[in-house]
Amino acid sequence: MYSDALLTNLVIHPEPLEHLLEWLVKRLEPGISSDWSGSYEKIEEELTEFERWLDTVWGMGFYETLIGNEESYSIPLAFKTAAEMDGNVLICDGFSIRELMFLRKALPERVRYNAGKAPTPTTTENVVETVFQSTGLIEALTGQKLYWGNTWNGDVIEDISNPPRLGKKTGLMFLSYHPDAPLHRARSYGLTQVQDVGQVMKQISNLVSYLSRNSPLVITGDHGYIYVGDNPNKYLWLPYKRKKRFGADYTTNFMEVEGVRVAVGRFHASVSRRSNAVIVHGGVSLCESLVPVVVVEAEPN
Ligand SMILES: [Zn+2]
């Protein structure tokens with residue numbers, strides 16, 4: 001399925017996650033067509049299978065590479081990168097390999113990326129507390145703040161189809177609730193069909209395209225997520241158990257991080273058919289913990 005050489009390269013690589021992300025992007029890219037919903041599901045099938053392989057052949061060593069620190073967390077990396085480029089920052093609530101794939105498709109030649117990590121447990125609350133010592137994303141990303149040696153002015157994008165005008169201003173930070181909000185509360189966002197996930201990816205790439213017109217934009221997220229869609233049997237590893245992603249009992253499939261038990265891989269998810277959510281997060285896994293830091297160059301004149 002995947003070669004032994006790939007595993008060897010990953011294990012001995014000084015930056016295994018960078019290497020892994022680059023490999024995945026190359027592998028997934030050809031599968032993206034103009035049908036974004038169909039492409040999203042194809043990507044997810046591949047991610048599910050690939051992660052199962054990592055779990056089987058690499059095991060806990062793989063999950064250990066996903067545990068970060070101040071130097072490798074995605075949010076500080078994004079702010080430092082944006083400061084160096086004299087650009088702006090967009091923090092998406094939930095940002096993963098899939099969003100990176102669609103941004104590359106939407107804005108060819110303008111997208112670069114690195115691998116960042118989400119603090120564990122991979123919940124908004126924990127990430128905000130860990131990286132901003134703040135109580136919420138709104139509190140952290142509005143008003144004037146000093147982050148990693150630079151001053152930033154923050155704004156929340158309430159309506160993704162109507163983002164603020166920014167002209168040529170830089171030193172701005174924006175918060176978007178996409179994709180977490182529509183995927184977590186699918187019904188209240190009118191996503192009656194799981195197929196609408198392609199629509200959510202379109203909205204994000206339109207937003208990024210707009211915000212990067214005049215200045216470079218660095219995009220990342222607080223955490224990634226596991227997609228379960230309307231059928232957990234498809235994207236979780238059988239036999240999956242209905243459990244929260246941290247603070248529960250997980251037989252052997254867990255790690256203890258700073259005294260908290262967190263689920264690893266895709267064996268546990270608190271989802272049901274009646275649930276509103278088509279994603280879960282909180283644990284340690286490829287798609288929850290690896291959060292790309294994406295640079296979009298300004299639109300050429
Ligand atoms: Zn979040």
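A residue is called buried if 20 or more other C-beta atoms lie within 10 Å of its own, exposed if 12 or fewer, and partly exposed in between, with C-beta atoms placed from the backbone. The structure is a predicted model, in which local features need pLDDT of at least 70, side-chain atom pairs count only at pLDDT 80 or more, and totals for chains, interfaces and linings use all residues. Residues are numbered from 1 along each chain as its sequence is written.

**View 1. Surroundings of Val 271.** Val 271 has 22 C-beta neighbours inside 10 Å and therefore counts as buried. Val 271 sits in the loop that joins strand S9 (260-263) to strand S10 (279-280); helices (H or I, at least four residues) and strands (E, at least two) are DSSP runs numbered from the N terminus. Leaving aside residues up to four places away in sequence, Val 271 touches Val 228, Pro 232, Arg 242, Ala 277 and Val 280. Contact here requires C-beta atoms, placed from the backbone, within 7 Å. Between the C-alpha atoms of Val 271 and Ser 3, which are 268 residues apart along the chain, the separation is 33 Å.

**View 2. Helix H3 and its buried face.** Helix H3 covers residues 36-57, and its end C-alpha atoms are 31 Å apart, which agrees with the 32 Å that its 22 residues should span at 1.5 Å a residue. That expected span is 1.5 Å times one less than the number of residues. Trp 36, Ser 39, Tyr 40, Ile 43, Leu 47, Leu 54 and Asp 55 are the buried residues of H3. Seen down the helix axis, they fall within an arc of 135° and so line one face of H3; the arc is that of the directions from the axis to the C-beta atoms. The cover over these residues includes helices H2 (16-28), H4 (60-65), H6 (97-106), H10 (197-211) and H12 (286-289). Gly 59, with a positive phi near 65°, follows H3.

**View 3. Crossing of H3 and H10.** The H3 and H10 axes come within 7 Å and cross at roughly 100°. H3 is therefore roughly perpendicular to H10, a class that takes in 65 to 115 degrees, whereas angles under 35 count as roughly parallel, over 145 as roughly antiparallel and the rest as oblique. Axes are lines fitted to C-alpha atoms, for helices over the stretch in contact, and angles run from 0 to 180 degrees between N-to-C directions. On the H3 side, Trp 36, Ser 37 and Tyr 40 meet Val 197, Gly 198, Met 201 and Lys 202 of H10.

Notes
Two residues are in contact if their C-beta atoms, placed from the backbone, lie within 7 Å.
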